[in-house]
Amino acid sequence: MIAGNWKMNLNAQLASVLVHRLQERIATHKNVEVVLAPSMLHIQPLSLQIDKRKFKLAAQNAHFEDHGAFTGEVAMTQLQHLVSYVIIGHSERRHVFGEKDDLIAKKVASCVRNGMSAILCVGETNQDKAAGETNNVLHDQVTAGLRNITSAEIDNIVIAYEPVWAISNGKDFGEKKTPKPYDVKDAARAIRKNVRAMFGEQAEAKVRVMYGGSTNPENAKGYLNVEGVDGLLVGGASLNYEQFSKMVEIAHQSTVQG
Ligand code: PGA
């Protein structure tokens, strides 16, 4: 899976142009799922524009309640027929908006209950890493995030490993430190181990794990070749149609080559 998180970027016209450009460049691949996460505002019009054989849509966030007095929020029930995925617990939601594991667990459960798949983001901060706490943080975030899920629902879960220190914030895109592929391998293994402890061996093998954080066409292959990694969650580079379509092509080639 190659997923593009557009964050709070692009107006309606530019979002539509980006989809148009991607549609021209990206072929229909059976072996690569391409997911676009535009601003909430543009999901509905883009759901009419996208070639559904090539793209699926994701929301970047949603509320866990089905409806109610929650000014400014969008419910999973309102997204249900528009998107296939909802990104939950992105580090910007955790660290800028103060979302805690409890809330994230409710969102994951609501997302799956409403027939969509969750892309649960987990990852350590710089401080956690320096303190040697990476595996503990992953354990806590995975265990808490999937607390309300059953083993039958694991097909609807994707876990994105996104070390907070590796995520570009738009201003310094391209200059961030990135983890070595073997660090990502260790993290993917730790995530799967937690899934096994909760849901058993089959779930460990089945759950999809992605890497995200300053990915681009230059480093995509290295991460995609990491054992236990099934895809990339792309931020900055997903706003550039040439870079993003190149990354989809790299994913296609790497699955063809096994
Ligand atoms: P980045 O963002 O690729 O710009 O580092 C990744 C993310 O925030 O999901």
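Okay, let's start with the charges: there are 15 salt bridges in this structure. Keep in mind that we're looking at a predicted model. I'll walk you through three of these pairs, and then we'll go to the nonpolar side.

Take glutamate 33 to begin with. Its partner is lysine 56, and the closest N and O atoms of the two sit 3.1 Å apart. What I like here is where the two come from: glutamate 33 is in the loop between helix H1 (12-25) and strand S2 (34-37), while lysine 56 belongs to strand S3 (residues 55-59). That's 23 residues apart, so to speak a link between distant parts of the chain. Is glutamate 33 buried or exposed? It counts as buried, because its relative accessibility is 19% and the cut-off for buried is under 20%. Lysine 56, on the other hand, comes out as partly exposed, at 34%.

Next pair: glutamate 227 and lysine 185. Their side chains form a salt bridge too, at 3.7 Å from N to O. Glutamate 227 is in the loop between helix H10 (220-224) and strand S8 (231-234), and lysine 185 is in helix H8 (residues 181-199), so this pair ties together parts that are 42 residues apart in sequence. As for the surface, glutamate 227 is exposed, with 59% relative accessibility, whereas lysine 185 is partly exposed at 29%.

Arginine 196 is partly exposed, with a relative accessible area of 37%, and glutamate 204 counts as buried at 17%. While we're on salt bridges, some of them share partners, and that joins Glu33, Lys56 and Arg208 into one network.

Nonpolar side chains tend to be buried together in soluble globular proteins. Here, the largest nonpolar core has 64 residues. Which of them touch the most other members? Leu146 and Ile157 do. By element, H8 gives the most to this core, with seven residues.

Have a look at leucine 146 on the screen. If you leave aside its neighbours within four places in sequence, leucine 146 is in contact with Val108, Leu120, Ile154, Ile157, Ile159, Val195, Met198 and Phe199. You'll spot Ile157 in that list.

And there's another core lying apart from the largest one: 13 residues, including Ala58, Ile87, Ile119 and Ala160.

That's my tour, thanks.

Notes:
Residues are numbered from 1 along each chain as its sequence is written. This is a predicted model: local features need pLDDT of at least 70, side-chain atom pairs count only at pLDDT 80 or more; totals for chains, interfaces and linings use all residues. Side-chain values use heavy atoms; hydrogens and water are left out. A salt bridge is a side-chain nitrogen of Lys or Arg within 4 Å of a carboxyl oxygen of Asp or Glu. Helices (H or I, at least four residues) and strands (E, at least two) are DSSP runs, numbered from the N terminus. Buried means under 20% relative accessible area, exposed over 50%, partly exposed in between (1.4 Å probe, protein chains only). A nonpolar core is a set of buried Ala, Val, Leu, Ile, Met, Phe, Trp, Tyr and Cys residues joined through side-chain atoms within 4.5 Å. Contact means heavy atoms within 4.5 Å.
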